[in-house]
Amino acid sequence: MTREAYHKALKELENELLTMGEMVAKAMKDSIEALKTRDMEMSKKIIKDDIIINKKRFEIEERCLQMIATQQPMAVDLRTIAAILSIIADMERMGDHAEGNAKINLLIGSEPLVKPLIDVPRMSEKGLSMLDRVLKAFINRDAKTARAICDEDDEVDALYEQIYRELLFLMIENPKKIEGATYLIWLAHNLERIADRVTNIAERVVFMVTGKMEEVNVSKY
Amino acid sequence: MNNAFNIEKLNVFYGDKPALDDVNMEISQKAVTAVIGPSGCGKSTFIRCLNRMNDLIPVFRLEGSIKFNGTDIYSKDIDVIDIRRRVGMVFQKPNPFPKSIYENTAYGLRIQGIKNKSRLDGIVEASLKKAAIWDEVKDRLHQSALSLSGGQQQRLCIARAIAVEPEIILFDEPCSALDPIATAKIEDLITKLKDDYTVVIVTHNMQQAARVSDYTGFFMMGKLHEFDITKKIFTAPSNKMTEDYITGRFG
Ligand SMILES: Nc1ncnc2c1ncn2[C@@H]1O[C@H](COP(=O)(O)OP(=O)(O)OP(=O)(O)O)[C@@H](O)[C@H]1O
Ligand SMILES: [Mg+2]
């Protein structure tokens, strides 16, 4: 094989993407953990650490641009770098949503939650699992898995709808709960957006593998 | 001191005609430095100054200083032969001698008076390996070098340069006579060579400069307009002229 150094650099770029993915997954996970345990310090840390995620994104973006400028990647290599550029933008936004949930946690403060957390953690776990698998699909160049992940977005949408309706009834029943319920709706909405971002990533994986741009699943929201 | 070369206020003339105009440049050790710029800007003139190849041109005249590991190579008491051994050169067209592959590789060693067969064998093998051509020629070392393909001939020339254990290898458009695959092989080789050698490469192909080098200098009309880390030059050059050149807006 020729161009060893270049292929090594490409591999490193993929590893950087995975590192950023881990950072985002941690923020997502911690934001729900902090909500469950009413942990304000943890929430503050998530907000603070979002800067590190953003920095990582710029770092990867810069490396991609340098690769394009200095190595003239072609065909699948070019699609890989284009996919990475798009994926890091999606992941940065996912980090922002996790940060948003940490902020909501601070807003709720010491107030008791208006309802026990059941579907919210489920939504979060679903999102985390989708992210984990889509990044594996990226590494394995697995368009089939990527497409299947897009279909799972419907489950997340259904969970969101359920939470939304439940909280709506809660508010109608008891206007004192409007504020607390609104926070949870925002939070669930962030989780729904996170899953949408995963489907964007999945589309990029499909494009990278097949060379075809396809919108695999259109989210309801 | 981490620089292989420190070039200060270098001015070169062919007769009355200036070819290099106040060039200041530091060339890092064990890195690849590329020189780019439009035809006639002085790239070859520049690189040939680094091992005194221009001395052979009667109208050539040089001002300023070129320090190689701290020593001015144009000072009076310098041994030019020694400089050319320590600063090897590979040219645009592969130029093997009409001799065997073995003899081509051993050429410089024979000139140095090395006769010991097993020593020669060892260096020939090591050099051909370093030049990433050993596997292709090990069974035909005594066949004519002219039976090799252009890309193989060029790697043989690199092996010949390596055999005399230089510190620097200068390349003047080493791939312009080669096809893309042979070019990729040479580029790979250049990237590996920098583990052991300092490399300076002149190339017409700025994509090649981008791919293989750590530092890039952009010359125009004898002036070094910009010299920086390659990644910087090709993503965000500081000089408008450089930007216009690498984006194909002139030249
Ligand atoms: N032996 C020489 N005698 C007189 N002038 C020369 C000689 N060699 C080069 N020149 C002139 O010096 C200038 C720089 O030439 P040089 O060969 O260094 O350019 P270059 O950048 O290597 O060009 P190219 O990309 O075409 O190889 C040109 O104007 C050229 O005509
Ligand atoms: Mg030239």
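These legends describe close-up views of a predicted model.

**View 1. The contact between chain B and chain A.** Chain B brings 12 residues to this contact, and chain A brings 11 residues. The area buried between the two chains is about 940 Å². Carbon and sulfur atoms give 62% of that area. On the side of chain B, Asp188(B), Arg211(B) and Lys231(B) lose the most area to chain A. Together, these three residues make up 44% of what the chain B side buries.

View 2. Side chains of opposite charge can pair when their charged atoms come close. Here the partners are Glu4(A) and Lys192(B). Their side chains meet with an N to O distance of 3.8 Å. Across the interface of chain B and chain A, the rule finds one salt bridge.

**View 3. Polar contacts and the chain B elements at the interface.** Between chain B and chain A, six residue pairs are in polar contact, both residues being at pLDDT 80 or more. Three elements of chain B each give two or more residues to the side that touches chain A: α7 (180-193), α8 (206-212) and α9 (230-235). The largest share comes from α7(B), with five residues. By class, the chain B side that touches chain A has three nonpolar, four polar and five charged residues.

**View 4. The shell around ligand 1.** In this view, 14 residues surround ligand 1. The closest are Ser39(B), Gly40(B), Lys43(B), Thr45(B) and His204(B). Two elements of chain B, β2 (17-28) and α1 (43-49), each supply at least two residues of the shell. The largest share is that of α1(B), with three residues. The shell divides into five nonpolar, six polar and three charged residues.

**View 5. Side chains that reach oxygen atoms of ligand 1.** For Ser39(B), a side-chain N or O atom is 2.4 Å from an oxygen atom of ligand 1. For Lys43(B), the corresponding distance to a ligand 1 oxygen is 2.7 Å. For Lys17(B), the distance from a side-chain N or O atom to an oxygen of ligand 1 is 3.0 Å. On its own, ligand 1 has 630 Å² of accessible area, and the protein covers 64% of that.

View 6. Glu41(A) forms a salt bridge with Lys44(A). Their closest N and O atoms are 3.5 Å apart. Both residues belong to helix α2 (residues 40-71) of chain A. They are separated by about one helical turn, because they lie three residues apart in that helix. Over all chains, a search of the whole structure finds 37 salt bridges.

Definitions and conventions: Residues are numbered from 1 along each chain as its sequence is written. Chains are lettered from A and ligands numbered from 1 in the order in which they are written. This is a predicted model: local features need pLDDT of at least 70, side-chain atom pairs count only at pLDDT 80 or more; totals for chains, interfaces and linings use all residues. Side-chain values use heavy atoms; hydrogens and water are left out. Contact means heavy atoms within 4.5 Å. Buried area is the accessible area (1.4 Å probe) that two parts lose on being put together, summed over both. A salt bridge is a side-chain nitrogen of Lys or Arg within 4 Å of a carboxyl oxygen of Asp or Glu. A polar contact is a pair of N or O atoms within 3.5 Å; within protein, one must be able to donate a hydrogen and the other to accept it, and residues adjacent in sequence count only if both atoms are side-chain atoms. Helices (H or I, at least four residues) and strands (E, at least two) are DSSP runs, numbered from the N terminus. Ala, Val, Leu, Ile, Met, Phe, Trp, Tyr, Cys and Pro count as nonpolar, Asp, Glu, Lys and Arg as charged, and the others, Gly among them, as polar. A residue is near a molecule or strand if one of its heavy atoms lies within 4 Å of it. Accessible areas come from the Shrake-Rupley method with a 1.4 Å probe; for residues, only the protein chains shown count as cover.
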